[in-house]
Amino acid sequence: MRTRIDRNLLALAGRLRGASAALALVLLILASRGAADTVDAPRVRVETNLGNFEITLEPGKAPLSVAHFLKLVDEKRYDGTIFHRVIPGFMVQGGGKWPDLTDIEEAATVATEADNGLKNLEGTVALARFDDIDSASTEFFVNVGDNPHLDHSPDSCTRADYAAQGKAAERGLSKPLTCATYGYTVFGRVTEGMDTVFDIELVETDLDEDRMDVPLEPVVIREVRRIN
């Protein structure tokens, strides 16, 4: 005959088994959601004359930038362009020039999303731009090292700071910015083929007219295509 303590222990064990099953179910659901997020994340393959690499994009963090980049990919804007700026330990930049270093056809610009929380860490991909924070167009770069000085931060200039500088320039005045850069929008990460990026990083470069860090032998982007 079971005692009251025995019955209580059995009941507790049953509850624990039920809780473990519930916990396992929750973990399974979360894992499946994570897997779905990974599957749904857009990916592109960048084919170069030095090898290929793949970029997984971050539409949840940089929706405007990802949509902008994919539009350029679908229009085949990058086919035949080059990585025209290569700095070891820093980054490799391309997507805006032909092998003869002439500019490709102009494309629309996209508003910055540099304040999206993504950092310029090794392997991340960001949009290049001019001084205007919303001037990013076709050029992108892959960080080959951690570059925190390219990140948006609490010390970054605001839009108001840039607007005041622009108004001063219109009047012929110089208004230097004393705040940190607004940052560069990270919108993806190299998830396969980083060795290819490191190979590009180490090509021999030189000064070409007024451009520095230009590969002596063109690093050609043969094509960029969506994977999924």
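Here are some notes on the structure above, point by point.

1. **Ground rules.** This is a predicted model, where local features need pLDDT of at least 70, side-chain atom pairs count only at pLDDT 80 or more, and totals for chains, interfaces and linings use all residues. Residues are numbered from 1 along each chain as its sequence is written, and side-chain values use heavy atoms, with hydrogens and water left out.

2. **Overall layout.** The chain has 4 helices and 10 strands (DSSP runs numbered from the N terminus: helices are H or I with at least four residues, strands are E with at least two). Going along the sequence, the pattern reads α-β-β-α-β-β-β-β-α-β-α-β-β-β. Take contacts (heavy atoms within 4.5 Å) between residues at least 6 apart in sequence: 70% of them join residues at least 24 apart.

3. **Surface and burial.** Of the 228 residues, 37% are buried (buried is under 20% relative accessible area, exposed is over 50%, and partly exposed is in between, with a 1.4 Å probe and protein chains only).

4. **The cores.** The largest nonpolar core holds 31 residues, and Phe53 and Phe187 have the most contacts inside it (such a core is a set of buried Ala, Val, Leu, Ile, Met, Phe, Trp, Tyr and Cys residues joined through side-chain atoms within 4.5 Å). Helix H2 (residues 63–74) gives the most to this core, with 5 residues. There is also a second, separate core of 9 residues, which includes Phe90, Ala126, Ala128 and Leu150. Leaving aside neighbours within four places in sequence, Phe187 is in contact with a list of residues including Leu57, Val66, Phe69 and Phe140.

5. **Asn116.** Have a look at this one: Asn116 sits in the loop between strand E4 (91–94) and strand E5 (124–127), and Asn116 is buried, with a relative accessible area of 12%. Its side chain reaches the backbone oxygen of Lys61 at 3.4 Å, and a polar atom of that side chain lies 3.1 Å from the backbone oxygen of Val186. Neighbours within four places in sequence aside, Asn116 is in contact with Lys61, Ala62, Thr185 and Val186.

6. **Asn52.** Asn52 is in strand E2 (residues 51–57) and is partly exposed, at 37% relative accessible area. Not counting residues up to four places away in sequence, Asn52 touches Arg45, Val46, Glu47, Gly193 and Thr196. Asn52 and Arg222 are 170 residues apart in sequence but 9.6 Å apart in space, C-alpha to C-alpha.

7. The largest pocket has a volume of about 800 Å³. (On a 1 Å grid over the protein atoms alone, a pocket is an open set of points with protein on both sides within 12 Å along at least five of seven lines, a cavity is a set where a 1.4 Å probe fits but cannot get out, and lining residues have an atom within 4 Å of a point. Points are joined across faces, edges and corners, and a volume is the space filled by probe spheres set on them.) Of its 31 lining residues, the closest to the centre are Gln93, Ala128, Arg129, Phe130 and Glu139. Strand E9 gives the most to the lining of the largest pocket, with 4 residues. The count is 1 cavity of 30 Å³ or more, and the largest cavity has a volume of about 60 Å³. Its lining includes Ser65, Thr112, Leu127 and Tyr184.

Technical notes. Polar contact = N/O pair within 3.5 Å; in protein donor to acceptor, adjacent residues only side chain to side chain.
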